[in-house]
Amino acid sequence: MMTFSRTTMKYKILSFAAFFMLISFLAPCLGAAKDYIDIDAPAFQKFPIAVTVFTKGGTDSDKEGLAIWFPDNLSKYLDMTGYFNILPRKAFIDDPARSQGNINFGDWTTIGADYLVKGHFSGQGRDLSVEMRLYDTVRGVLLREKKYSARTNDRKDMVIQFVNEILLVLTGERGVFNTQIAYVHRQGRNSEIRTVTFDGSAQKQVTNYRSLTLAPRWSPDGQRISFTSYRDGNPDFYIASMKGGAGKKVSSYPGLNLSAAWSPDGRKVLLTLSKDGNQEIYAMDSASGYLQRLTYDHAIDVSPVWSPDGKRIAFVSSRSGSPQIYTMDSDGKNVKRLTHEGNYNTSPSWSPKGDKIAYESTVGGVFQIFIISTDGGAAQQVTSQGREHKHPSWSPDGRYLAITVKSGGIDRVAVINANGTNIRVLSEGSNPAWSQYFK
Amino acid sequence: MTSLHYSGGHREQGVRLSRMIILSLVVHVALLSLAVFWPTRTSTPRFTLGPVYSVQLVNLSDTLMSHRQMSDPLRDLSGPSLREQSLVMKKRVTTQTAPPIRKMETKKNLSNPAVENLRKKLGAKPSTANARSESSPAANSADSAEANSQLAEYYTVIWSRIKSQWNLPGGLNPKDNVEAVVQVRIMQNGTITGISFEKKSGLAYFDNSVLRALKKANPLPPLPPWYRENGLDLGIRFLSSDLRR
């Protein structure tokens, strides 16, 4: 009897174990039998977009040719961003007469347009009312629709506003059309500070000192520009208001008073002064003029820039024997060398997101733009092709760099996408400094 | 007599038990071998890497396009045209001689017969691709291994199909790796249905590019004829960076 019951127990345990093992073996087979495939690295292709001729409402004739002016200017500004491939109107197979206001998305995907912009305007006298729509032709959906009413003369603003809308939908951020770039414009032996808009349309002269004027830097609110000028013989430091006026001399120590970056809160300005023997970096209170010395080294320390959070400063020092990029705390402590490759690394510019620093470095004796991660790592060269590319300055959205490109002995201010593509020359000049957004 | 009967019954029980144990062992061995030789039907993510030649990091027409769309002031430049010389490709493009499989993934995939099979096929064109296509996919483990290798072949086709439709402007591709995982169901005729995000990338434009790629690749080639199920559920992981780096 005993034996029997023990056997039963053993049997039960064994069958339980067998069942347990069966389950554990079967589980992966019975579970979600789904495969995963990995698709990596999208091809780099600009957004293919078609912009149609605008339709007109009302009875007035289109004297100014706005039906064409709108698509032409939308195309121009979209192209300027470097993200769009504008399809030529000749390629369109859509027949407005046949579609009668309806959109046959197949007509657009056939010619390779992923996106479509359509518009309608009606005008009365000098007033203009415009509707613009952005469609995703692949998914067949309306992505954005805007109506603008303004004076006919302000129509460029409507175009820029809608391009900003398109950028917001398709790239997650608005464009940098309402920013400006300050630069040095050479005139014979002298140079003056000028500004130019991102689209290159409006230039403005800030100084008229008839002397060598250098190194413009924007205040964070875009209301002031600091620079260095030899107007009175010595390279002194000035601040000028963008509203006008001749500018005010702020620092005139013996020797170099070289303008550098404003702190993100606008309270301090960094300077390079040589009053104590060699070039050292100082922070000056922009209101009181109080000076704080940040570097103490026998080598040259120049070109300081703030990190976007204001906690660190990147600068150039030749303390290791050759000019290299270093970073330090905003009080001058905790100095770290950032660049180790190349023997001439200068002009650092800290990216608005704080994770990268752009600078110039010589490659085969020619300056090129590099970008390095602020936590070190390998630097990435973004310009090449023999020409000299210098003085990088980030756009406030971190997607572009303003640079100086030299060809045929002439310096020009240009804008490139941060990956080095899509160069667009804005003006003759050098040493660009990109503003923040203007409100 | 009674006790004899009992003891006889006891012996019978013992025999039955050992039979059960043997049977159980046989079942276990069978199941174990099934589990080992049927790895692709598990839920473990599997990395199917496509053919080397279909990888395209820079679209030639795109770079030419950016070429064409230079601003007017460039025309004024003296000397050799800046238009021709200012073209700068991303540095990583020039380093694309590396093998197409990440080391980590290679190790993982070495034990995967389906991927091994796929890799062999990439090296030498298969001659027996359809030899057993008529057999039932779940008839036995050998058949299912074959079925899996054929499914892997199908994956290679749809991999290149979807990848060729996936693009972003160069300046927008995130520097740090981001990924979006999409669940799709591929119907017998190749139509993609039920697209849903298992994981979003956090960048709306990146997720949209993924949806657009699937939309453009739709319909995919029909499922293999031997594939009897109503549709194939598949996870697709879109990664912004290059797996082979």
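## Confidence in chain A

pLDDT is the predictor's confidence in each residue, on a scale from 0 to 100. This is a predicted model, in which local features need pLDDT of at least 70 and side-chain atom pairs count only at pLDDT 80 or more, while totals for chains, interfaces and linings use all residues. Residues are numbered from 1 along each chain as its sequence is written, and chains are lettered from A, with ligands numbered from 1, in the order in which they are written.

Chain A has a mean pLDDT of 89, with 92% of its residues reaching 70 or more. Over residues 27-32 of chain A, pLDDT stays under 50. For that stretch the model has eight contacts beyond four places in sequence (a contact means that two C-beta atoms, placed from the backbone, lie within 7 Å).

## Domains of chain A

Chain A is divided into domain 1 (47-171) and domain 2 (180-434), with bounds that come from an automatic or database domain assignment. Taken over C-alpha atoms, the centres of these two domains of chain A are 39 Å apart.

## The layout of chain B

Now to chain B, which has seven helices and four strands. These are DSSP runs numbered from the N terminus: H or I of at least four residues for helices, E of at least two for strands. Along the sequence, the pattern of chain B reads α-α-α-α-α-α-β-β-β-α-β.

Of the contacts in chain B with a separation of 6 or more, 77% join residues 24 or more positions apart.
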